Amino acid sequence: MKTKKQNADFLHVGRKLLDWYKIHGRDLPFRKTSDPYKIWICEIIFQQTRIEQGLNHYNNFIQRFPDLKTLAAAENDEVLLYWKGLGYYSRALNLHKAAHQIMTEYKGVFPQEYDDILRLKGVGKYTAAAISSICFGKKIPAVDGNFYRVLSRVFADDFDVSKSKAFDYFSDLALKAMPENEAGTFNEAMMDLGSEICKPKNPLCENCPLNEDCLAFNLGKIQDFPVKTKKTKPTDLALQYSFVEFEGEFLIKQRGDDFIWKKLYEFPIEVPKEWNAFITRQKTVLHKLTHKNLSIVINHIVVESREMMEIFADENGFMIVNEEEAHQKSFPKPLENYLADRFKSKL
DNA sequence: AATGCGGGGTG
DNA sequence: CACCCAGCATT
């Protein structure tokens with residue numbers, strides 16, 4: 001059974017959260033700024049990505065592209081290069097598009113209105129809310145996985161977070177708990193509590209500033225929340241590549257922007273049948289993605305002349321690169337690993 | 001409303 | 001092995 005909560009009770013929880021954050025909040029590079037460009041970059045990078053995983057990427061990215069103008073002027077390939085290994089590569093493509101969007105539609109000045117920010121490519125309701133609140137003080141909750149977890153537990157709310165309506169539902173809950181004029185801090189505090197204390201598994205409830213108020217904790221039902229019914233089932237996919245090499249140079253080509261690994265580089269998939277005679281070894285790599293179990297067979301082919309590669313490259317749109325040049329391109333993780341293995345003797 | 005999209009961490 | 005992470009675009 002659910003008890004009716006007064007607005008004052010929600011606010012009480014929100015204030016406790018802010019008090020905790022002022023002492024225990026994480027010291028992160030993007031916490032020191034309210035530059036919407038930097039907050040935007042950080043929010044995109046950390047979509048579906050843990051802080052520890054993306055922190056170096058964020059620092060490198062900001063160092064290379066310190067402002068909007070620099071990013072907009074950059075080559076697409078270089079933006080992709082700085083995204084290498086982060087995954088969800090459409091984020092990098094949309095990021096670059098949005099940079100151009102701001103240059104042309106907003107004369108290079110980052111828009112301040114939630115509705116305008118929301119129209120940027122790759123920016124959804126969460127990111128628009130985060131930028132609006134952190135940079136421009138708008139009172140809008142940035143509802144993410146942390147919000148779902150914390151709020152569903154504190155209020156023992158079994159609303160299914162995999163439903164489309166969950167965002168608006170928990171936005172309303174969060175809004176009631178959000179003190180005036182501290183929206184940005186509140187949003188950051190919720191993220192920190194969610195990742196440091198109110199973790200998915202083994203939450204540290206004994207150290208939680210909200211444990212007196214947390215219904216799920218006091219009912220001993222922490223593990224029942226949040227309720228999430230959606231189940232993602234990976235499918236199997238077999239890929240075949242040929243690593244075609246001659247004296248340290250090899251063939252690569254950029255992928256399309258559909259399917260997986262958008263705009264990343266890869267080895268040839270089909271090669272002339274005659275080249276089968278040049279296969280020196282074959283390696284099978286198993287690689288797990290969230291939605292796919294990949295089985296990748298890589299034939300290592302050493303052709304007999306550079307001309308063989310040149311003809312093939314001309315006819316099929318491949319480029320011939322050496323290891324150094326390949327470092328300037330972004331490859332899918334399993335191919336990156338293959339290259340690292342192939343060239344590790346060098347150096 | 002449902003699906004696809006990476007890579008890495010955790011239990 | 002399953003589940004999750006500072007979500008979004010597309011259909």
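What percentage of the 347 residues in chain A is buried? Buried residues make up 48% of the chain, where buried means under 20% relative accessible area, exposed over 50% and partly exposed in between, with a 1.4 Å probe and protein chains only.

This is a predicted model, in which local features need pLDDT of at least 70 and side-chain atom pairs count only at pLDDT 80 or more, whereas totals for chains, interfaces and linings use all residues. Residues are numbered from 1 along each chain as its sequence is written, chains are lettered from A and ligands numbered from 1 in the order in which they are written, and side-chain values use heavy atoms, with hydrogens and water left out.

**Chain A**

The C-alpha trace of chain A spans about 80 × 50 × 35 Å along its principal axes. Its secondary structure comes to 15 helices and six strands; helices (H or I, at least four residues) and strands (E, at least two) are DSSP runs numbered from the N terminus. Among the contacts in chain A with a separation of 6 or more, 67% are between residues 24 or more positions apart, a contact being heavy atoms within 4.5 Å. The chain exposes about 18,400 Å², of which carbon and sulfur atoms supply 50%; accessible areas come from the Shrake-Rupley method with a 1.4 Å probe, and for residues only the protein chains shown count as cover.

**Strand pairing**

Two strands pair if DSSP finds at least two bridges between them. Strand β2 (residues 249-254) runs antiparallel to β1 (residues 235-246), to which two bridges join it. Phe246 has Glu249 of β2 as its bridge partner. Two residues lie between the strands of this hairpin, and Glu247 there takes a positive phi near 50°. β2 is also joined by four bridges to β6 (residues 319-322), again in the antiparallel sense, with Phe250 partnered by Val321 of β6. A further antiparallel pairing, over two bridges, links β2 to β3 (residues 265-266); here Gln254 has Tyr265 of β3 as its bridge partner.

**The surfaces near DNA**

A residue is near a strand if one of its heavy atoms lies within 4 Å of it. Around DNA strand C there are 30 residues, of which Phe30, Phe46, Gly122, Thr127 and Arg149 come nearest. Helices α2 (36-45), α8 (125-136), α9 (145-154) and α11 (183-196) each supply at least two residues of this surface. Its residues divide into 11 nonpolar, nine polar and 10 charged; Ala, Val, Leu, Ile, Met, Phe, Trp, Tyr, Cys and Pro count as nonpolar, Asp, Glu, Lys and Arg as charged, and the others, Gly among them, as polar. Of the atoms of DNA strand C within 4 Å of the protein, 67% belong to sugar or phosphate and the rest to bases.

DNA strand B has 24 residues around it, and Arg50, Trp261, Thr290, His291 and Lys292 come nearest. Sugar and phosphate account for 55% of the atoms of DNA strand B within 4 Å of the protein. The surface near DNA strand B comprises eight nonpolar, 10 polar and six charged residues.

| Residue, part | DNA atom | Distance |
|---|---|---|
| Arg50, side chain | base oxygen, DNA strand C | 2.7 Å |
| Gly145, backbone | phosphate oxygen, DNA strand C | 3.4 Å |
| Asn146, side chain | phosphate oxygen, DNA strand C | 2.9 Å |
| Arg50, side chain | base nitrogen, DNA strand B | 2.9 Å |
| His291, side chain | base nitrogen, DNA strand B | 3.0 Å |
| Lys292, side chain | phosphate oxygen, DNA strand B | 2.4 Å |

Key:
A polar contact is a pair of N or O atoms within 3.5 Å; within protein, one must be able to donate a hydrogen and the other to accept it, and residues adjacent in sequence count only if both atoms are side-chain atoms.
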